[in-house]
Every structure is written in structure tokens, then in C-alpha cells.
Amino acid sequence: MNNESLPAPKRVRFVELSAKALRALADGDLAGGSAEAGVALDEHFVGDRARWIFGYRADQLAKDPSAAPWIARAAVSEPDGVVVGDAGFHGPPDEAGMVQIGYTVVPGYRRQGYARAMVTALLARAAAEPGVRTVRAIIRSDNEASLATIAGFGFTRVGERGNERDGIEIVFEIPADAIPADAIQAE
């Protein structure tokens, strides 16, 4: 029998990335984005794809500042305080009560449980919001790590779609009232 204990699950807290922080990152200003966020962000936050996403989110906030509590957060590992990625929802709940999650782990922290910690925290937030009825995740069909990450949360595959930038994506959903209790309690 193996007497080695399993490592403790990773824990993260989220730090809001304000419109100013998002704009700085979209412009490639890592120091400015970090200063505005109040945490030391990784070079990952000013990579080409991140800059595009953060620019899109900054524009989204310019059009609808009320979306701020829902989108773009730096994921900070607890208790050590290191930024390990970013996560959030694509916006507030739509008219049907659906929110879509998104998360990225900084390459140096992948395969350590941080994506699972981010999804756990996002699902706990969604389950706690009365206006949320469904949580959606859309994942590229070749993103094996992300597909494995959501596998234990009770998501159901509801379809797929093509996307010029990302290819085939699989659409998963879970009703907010079906989110596993351990995800809610972990938060």
C-alpha cells in the first residue's frame, strides 16, 4: 500500500483586471498592467493571443462597465501569491441566464492543478449567483488538457462548432443547480 499522501489541491484567488489594466496589457505594457492590477503579472499576459483577448475585454468594458465583475481576472496561487494564469466569464449572464467560462494557465504552471482550481472557483461563483442558470465551456477539440480539466465537473457535451481561428470547438454546459457540491465547497 502506498503511504504517500496526495498533494493538496491547488487554490487560487482572483484579482480583477480593470479596464485600465486590460488596456495596458493589450498595448503590451506589462509593467503598467501589473501596477494597475496590484500583482506581478507574467510575460504570458502580453503575448500576442493575450493582447488580443485583453484588448477585446477592454473594449467590452468600455461599452458596458457593468460587465466588470464578470470578466478577466488574474488567478493568484494561494498561499504563495504567484500569478498562475487568468480566468473569468465572457460576460454577465445573458437573457437565458447562461455564462461562459474561460481560463488560461501560464505555461510554467501547467499540469499542476491550477486550471482545475480556476474552474472550481468559477463554478462556485456561478452557482452562488441567482441569475445564472447554465454554465458553458467551449474548448478546442485538440485541447486535451482543458478537456480533461472539465471532465470531472459534470459538464455535458451539447454540440460543436467551427471557428476560423481555433478550428473545431466542443460546447459543454452544466445547469447551475447541478454544479457538484465539492466545487462549491472548495471555494
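These legends accompany several close-up views of a predicted model.

**View 1. The largest nonpolar core and the residues that touch the most of its members.**
The largest nonpolar core holds 53 residues, and within this core Leu-17, Leu-41, Val-135 and Phe-155 are the residues that touch the most other members. Helix H4, which spans residues 114-128, gives the most to this core, with eight residues.

**View 2**
S2 and S3 form a hairpin with four residues between them, and Gly-81, which lies in the turn, has a positive phi of about 80°.

**View 2. Gln-100 in strand S4 and the residues around it.**
Gln-100 is found in strand S4, which runs over residues 98-105. Is Gln-100 buried or exposed? Its relative accessibility is 14%, and because residues under 20% are classed as buried, Gln-100 counts as buried. Not counting residues up to four places away in sequence, Gln-100 touches Gly-88, Phe-89, His-90, Arg-136 and Ile-138.

**View 3. The salt bridge between Asp-59 and Arg-23.**
Among the seven salt bridges that the structure holds, one is formed by Asp-59 with Arg-23, and the closest N and O atoms of this pair are 2.5 Å apart. Asp-59 lies in helix H3 (residues 48-63) and Arg-23 in helix H1 (residues 19-26), so the pair ties together parts that are 36 residues apart in sequence. Asp-59 is partly exposed, with a relative accessible area of 38%, and Arg-23 is likewise partly exposed, with a relative accessible area of 32%.

Arg-125 forms a salt bridge with Glu-129, in which the closest N and O atoms are 3.0 Å apart. Arg-125 counts as partly exposed at 26% relative accessibility, and Glu-129, also at 26%, counts as partly exposed too. Asp-142 forms a salt bridge with Arg-140, and here the closest N and O atoms are 2.8 Å apart. Asp-142 is exposed, with a relative accessible area of 53%, whereas Arg-140 is partly exposed, with a relative accessible area of 31%.

**View 4. The stacked aromatic pair Trp-52 and Tyr-56.**
The structure holds four aromatic pairs, and one of them is the stacked pair of Trp-52 and Tyr-56, whose rings are 5.7 Å apart from centre to centre, with 15° between the planes. Being four residues apart in helix H3, Trp-52 and Tyr-56 are separated by about one helical turn. Trp-52 is partly exposed, with a relative accessible area of 46%, and Tyr-56 is partly exposed as well, with a relative accessible area of 47%.

**View 5. The edge-to-face pair Trp-70 and Phe-89.**
The ring centres of Trp-70 and Phe-89 lie 5.2 Å apart and their planes meet at 70°, so the pair is edge-to-face. This pair links distant parts of the chain, with Trp-70 in the loop between H3 and S2 and Phe-89 in strand S3, 19 residues apart. Both Trp-70 and Phe-89 are buried.

**View 6. Arginine side chains over aromatic rings.**
Arg-125 lies over the face of Trp-70, at 4.0 Å from the ring centre, and Arg-125 is also the residue that forms a salt bridge with Glu-129. Elsewhere, Arg-116 lies over the face of Phe-153, at 4.3 Å from the ring centre.

Terms used:
Residues are numbered from 1 along each chain as its sequence is written. Side-chain values use heavy atoms; hydrogens and water are left out. Buried means under 20% relative accessible area, exposed over 50%, partly exposed in between (1.4 Å probe, protein chains only). Contact means heavy atoms within 4.5 Å. A nonpolar core is a set of buried Ala, Val, Leu, Ile, Met, Phe, Trp, Tyr and Cys residues joined through side-chain atoms within 4.5 Å. A salt bridge is a side-chain nitrogen of Lys or Arg within 4 Å of a carboxyl oxygen of Asp or Glu. Two strands pair if DSSP finds at least two bridges between them. Rings of Phe, Tyr and Trp (its six-membered ring) pair if their centres lie within 6.5 Å; planes under 30 degrees apart count as stacked, over 60 as edge-to-face and the rest as tilted. A charge sits over a ring if NZ of Lys or CZ of Arg is within 6 Å of the ring centre and within 35 degrees of the ring normal.
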